[in-house]
Amino acid sequence: MSAHRPAAVVATTVKSLPCWRLVSPHGEALVARQGAQVLYYAPTGQPPVVWLSDQAEFRTGSSLRGGIPVCWPWFGQFDRNPEAVRAMLAPGADAPAHGFVRALDWQEDGARVDGDAACLRLRLDLPAGHGGWNHPAAVALDIRLGDALTLTLSTRNLGPDTLALSQALHTYFAVSDARDVAIEGLDGAAYVDTLRGWSSQVQEGPLAIRGETDRIYTGLSGPIQIRDPGWRRSIQIHAAGSRSAVVWNPWVDKSLRLSQFRPDAWRDMLCIETARVWDDVLEIAPGATADMGVTMRAVGWGA
Ligand SMILES: O=P(O)(O)OC[C@H]1O[C@@H](O)[C@H](O)[C@@H](O)[C@@H]1O
């Protein structure tokens, strides 16, 4: 570990997109202004924890494949959201998958160093809502790079009515080979299998990726862990203010249909998305703020 490198937040431009580089003695992260999207995170001396596609297109107006897209104020296909969330959008309005904030430019709202941690806060003000989603709100993402990476997504309701929304911090984790990892911490949890007719299932034991996987886990209360024998490490994922998570791997066929994605890149990544979805959607009273966060930490298995 390079204990000599002081923590810092440095504004930079990567392939024409404004970004910030966060460094600390413990690691490095890259964050884009567009979508407040963390693009990369690697602990010092380790393979990345957050994966970015080598075909990611650094373009204005569309999310990059990989990193940690912020999905807000709805998750996934709009039509699959509960009625309370769908009722927030005017009929006929544009409803892109995963909401609209991942393609918008956020504003810097403070960069600082706290001991050996580098911290950045990005903010998106929607004083009059956006498009057909006509609800004033302020969204902020706090990013803290210390001996782990912590993200906190805050939503403040600035309007007179209750906000109902679904959201996710859609983390693409880097793995040595998706076929070899075990996902622990889901045993006994209920999930919706979107690939089996959105049927309700119960997880038994650790989850192994054996084909296309797209599941919504609910009622979670403990950490999730990715055990990666190829890189002899585990990634521990601690969520706060969330009881749902989405696990996604596109496998062979869907990879061919994905944008900005090498056909065999499904082996290199695995999404575990800290969420408020399904029966865990968020309701925020006028004037109130709701936070959801995730801390990810890689732990080696020793020599
Ligand atoms: O291609 P997008 O819009 O970034 O979505 C990627 C994936 O995101 C996941 O959260 C969904 O569960 C998948 O169904 C979806 O394919």
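This report covers the ligand site and the aromatic pairs of a predicted model.

## Basis

Local features need pLDDT of at least 70, side-chain atom pairs count only at pLDDT 80 or more, and totals for chains, interfaces and linings use all residues. Numbering runs from 1 along each chain as its sequence is written, and side-chain values use heavy atoms, with hydrogens and water left out.

## The ligand site

Around the ligand are Arg-65, Phe-75, His-98, Arg-102, His-170, Asp-214, Val-246, Trp-248, Lys-254 and Glu-273 (each has a heavy atom within 4 Å of it). This shell has 3 nonpolar, 2 polar and 5 charged residues (Asp, Glu, Lys and Arg count as charged; Ala, Val, Leu, Ile, Met, Phe, Trp, Tyr, Cys and Pro as nonpolar; the others, Gly among them, as polar).

Polar contacts are pairs of N or O atoms within 3.5 Å. A polar side-chain atom of Lys-254 lies 2.7 Å from a ligand oxygen. For His-170, the distance from a side-chain N or O atom to a ligand oxygen is 2.9 Å. For His-98 it is 3.1 Å. The ligand alone exposes 400 Å², and the protein buries 80% of that (Shrake-Rupley method, 1.4 Å probe).

## Aromatic pairs

The model has 11 aromatic pairs (ring centres of Phe, Tyr and Trp, its six-membered ring, within 6.5 Å). One of them joins Trp-74 and Phe-78, edge-to-face (planes over 60 degrees apart). Their centres are 5.0 Å apart, with 70 degrees between the planes.

Both Trp-74 and Phe-78 are buried (under 20% relative accessible area, 1.4 Å probe, protein chains only).

Note on methods. Polar contact = N/O pair within 3.5 Å; in protein donor to acceptor, adjacent residues only side chain to side chain. Phe/Tyr/Trp six-rings, centres within 6.5 Å; stacked < 30°, edge-to-face > 60°. Buried < 20%, exposed > 50% of the residue type's maximum accessible area, 1.4 Å probe, protein only.
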